[in-house]
Amino acid sequence: MDEFGLSVLLGTKMRAFREENAGKPASKLLNSTRKAFGTDAARVLEQLHLTERAKEKTPSLAARHWLFSTKSYEQCTSEPVARYKAKRMDVGGQAFTDLTAGAGVDAWFIGAEAGRLQLVEADPLHAAYLSANFAGRSHRLWVGTAEEVLTQLEAGGVAYLDPDRRPAGRRVYDFSDATPDVLLLLPQLLQKFNKLWLKASPMLDVTACLHQLAPH
């Protein structure tokens, strides 16, 4: 856990620093952050800056001082969209599994009333942040790709998969080009869970998408 500086980011010193400097933009806190945190200053400043930005994108999570990396923040769902997904999926008391949890924004809102919550995340840093962000909510966190941990996951309920459409730094649109390969994994997912929600690129042709999924 300390590998990612969580003892600093979640510590009483960080809490006091936030309270003391509430309302001040992160750009004005460079010197005071260096003085207070030394070699941990860059990590602390990143969180202060991302919390500031998150006040617009995910306001209720920003109020909780949600931990983001720059990458997870840029890729995460906005709060209004996450709330919309939660309403549409209507998980209720069912089990909910987020197979590509990322920053955890979708899982936080969609799984708010889930009877059982499972999070899957391949990036160790993002997994460590998820563990901290969901500390007050019952959950099981699996560190690895969906393919790697699928057989270990508890079956049943609703699952959600938002594949990475920039797996090698280039944008892709097709399900089979994303990570994980949705079409390859789909038979196992449909066998494992009662209901599966997939997020597709808005650039993916609907007819082609239906044709790809039809055999399953």
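The chain exposes about 11500 Å² of surface. Carbon and sulfur atoms supply 51% of that area. Keep in mind that this is a predicted model, and every value I quote is computed from it.

Now the inside. The chain has 216 residues, and buried ones make up 46% of them. The secondary structure comes to 12 helices and five strands.

Let's look at one residue, Y129. Find helix α9, which covers residues 124-133; Y129 is in there. Is Y129 buried or exposed? Its relative accessible area is 3%, and buried means under 20%, so Y129 counts as buried. What does Y129 touch, once we skip the neighbours within four places in sequence? The contacts are F4, L6, L9, Q47, L67, F68 and S69. Pick L6 from that list. L6 and Y129 are 123 residues apart in sequence. In space, their C-alpha atoms are 8.0 Å apart.

Next, the aromatic rings. Two numbers describe a pair: the distance of the centres and the angle of the planes. How many aromatic pairs are there? The count is five. I'll show you two.

Start with W66 and W108. Their ring centres are 5.2 Å apart, with 75° between the planes, and that makes the pair edge-to-face. W66 sits in the loop between α5 (59-62) and α6 (70-75), while W108 belongs to helix α8 (residues 105-110). The two are 42 residues apart in sequence, so the pair ties together separate parts of the chain. Both tryptophans are buried.

Now F68 and Y73. This pair is edge-to-face too: 5.4 Å centre to centre, 85° between the planes. F68 is buried, and Y73 is buried as well.

Together with F134 they form one aromatic cluster.

Last topic: charges over rings. Which residue lies over the face of W108? That is R137, at 3.6 Å from the ring centre. K13 lies over the face of F37, at 5.2 Å from the ring centre.

Terms used: Residues numbered from 1 in each chain as written. Predicted model: local features only at pLDDT ≥ 70, side-chain atom pairs only at ≥ 80, totals over all residues. Heavy atoms only, no water. Helix = DSSP H or I, 4+ residues; strand = E, 2+ residues; numbered from the N terminus. Buried < 20%, exposed > 50% of the residue type's maximum accessible area, 1.4 Å probe, protein only. Contact = heavy atoms within 4.5 Å. Phe/Tyr/Trp six-rings, centres within 6.5 Å; stacked < 30°, edge-to-face > 60°. Lys NZ or Arg CZ within 6 Å of the ring centre and 35° of its normal. Areas by Shrake-Rupley, 256 points an atom, 1.4 Å probe, with all protein chains shown as cover.
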